Amino acid sequence: MVLVYKDFNEDVADEFWCGDNQLFMTPYVLGDSRRCGISWTEVDKIFFPCRLPLKDDNAVTHFLLAVLDLNGKKIDVYDSIYSEPYEAGMNHIEMYARMIPHLLKFSQFEKYHKSFRNAFNKFDIQWQRSPHQTGLIDCGAFLIKYVELLIMGKDVEKFQPEDIKDFRKELATNLWEHGEWKRNSGYDTPPENVGDDYDSENETCCPKEL
């Protein structure tokens, strides 16, 4: 998404989605990309992690969670540093809020989704209240915890930040068990495609001022 947005122009949006951009993005929406697991047309909300790059060297600085609400035409943001919009975070989410409606329109999304109305204006962005991290490298763990709580229908705000250490241990245990299952079953994880957003090997660090 980040790579595609660099060349995005709302004034020529229809032409933009032809060619390589169509091949790269529309499979996510229509479910042709099996890496997504399910088509957007079959769900009402889509969870996706976001990472904020530094302007200078594009190093990873911070992870936050965005939830695309298709029926509400909005993007809810859960951030373990701030509960209100700030420049770096807002600029990044604006990318999705501007581009996704055009992508849905080009994909004729309203024909396939059970309740999506034929409205393709820019999505609203709403920063949600969420527990804050106290360490410098906890944003990824908080993001995963947000997803878990939201999927289970629980109140994100009731999670206690000091419990993140226990959650990290739980994650490590689950990853080890999954690794053992893969080794014993012979399952081989498919390789990432060229152009994926998560190709940086920079260490994630969360400065208090972004």
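Is Asp163 buried, exposed or partly exposed? Asp163 is partly exposed, because its relative accessible area is 35%, where buried means under 20%, exposed over 50% and partly exposed in between, with a 1.4 Å probe and protein chains only. The model is predicted, so local features need pLDDT of at least 70 and side-chain atom pairs count only at pLDDT 80 or more, while totals for chains, interfaces and linings use all residues. Residues are numbered from 1 along each chain as its sequence is written, and side-chain values use heavy atoms, with hydrogens and water left out.

**Overall make-up**

- The protein chain has six helices and four strands, which are DSSP runs numbered from the N terminus (helices H or I of at least four residues, strands E of at least two).
- Read from the N terminus on, the order of these elements is α-α-α-β-β-β-α-β-α-α.
- Of the 210 residues in the protein chain, 39% are buried.

**Strands β3 and β4**

- Strand β3 (residues 74-78) pairs with β4 in the parallel sense over five bridges, where pairing requires that DSSP finds at least two bridges between two strands.
- Within this pairing, Asp76 stands opposite Gln126 in β4, and Val77 stands opposite Trp127 in β4.
- Strand β3 is largely enclosed by the rest of the structure, because five of its five residues are buried.

**Salt bridges**

- Side chains of opposite charge can pair when their charged atoms come close.
- A search of the whole structure finds six salt bridges, each being a side-chain nitrogen of Lys or Arg within 4 Å of a carboxyl oxygen of Asp or Glu.
- One of them joins Asp76 and Lys74, with the closest N and O atoms 3.6 Å apart, and both of these residues are buried.
- Another salt bridge brings together the side chains of Glu94 and Lys122 at 2.8 Å, N to O.
- This pair links distant parts of the chain, since Glu94 belongs to helix α4 (residues 87-106) and Lys122 to the loop between α4 and β4, 28 residues apart.
- Lys122 counts as partly exposed, because its relative accessibility is 42%.
- A further salt bridge is formed by Glu157 and Arg129, whose closest N and O atoms are 3.4 Å apart.
- Glu157 lies in the loop between α5 and α6 and Arg129 in the loop between β4 and α5, so the pair ties together parts that are 28 residues apart in sequence.
- Glu157 is partly exposed, with a relative accessible area of 45%, while Arg129 is exposed, with a relative accessible area of 58%.

**Surface patches**

- Patches are made of residues with over 30% relative accessible area and no salt bridge, with like charges joined within 9 Å and nonpolar side chains (Val, Leu, Ile, Met, Phe, Trp, Tyr) within 5 Å.
- Glu162, Asp163, Asp166 and Glu170 gather in a surface patch of negative charge, and one of these residues, Asp163, lies in the loop between α5 (139-151) and α6 (164-185).
- A nonpolar patch on the surface is formed by Phe47, Ile151 and Met152, with about 300 Å² of accessible area together, an area that comes from the Shrake-Rupley method with a 1.4 Å probe, where for residues only the protein chains shown count as cover.
- Ile151 has its place in helix α5 and is exposed, with a relative accessible area of 60%.

**Loop residues**

- Lys73, found in the loop between β2 (60-69) and β3, has a positive phi of about 55° although it is not a glycine.
- Lys73 is buried, because its relative accessible area is 11%.
- Pro161 lies in the loop between α5 and α6 and counts as partly exposed at 22% relative accessibility.
- Pro161 and Ser130 are 31 residues apart in sequence and, C-alpha to C-alpha, 9.8 Å apart in space.

Key: Lys and Arg count as positive and Asp and Glu as negative; His and the chain ends are not counted. The place of a charge is taken as NZ of Lys, CZ of Arg, CG of Asp or CD of Glu.
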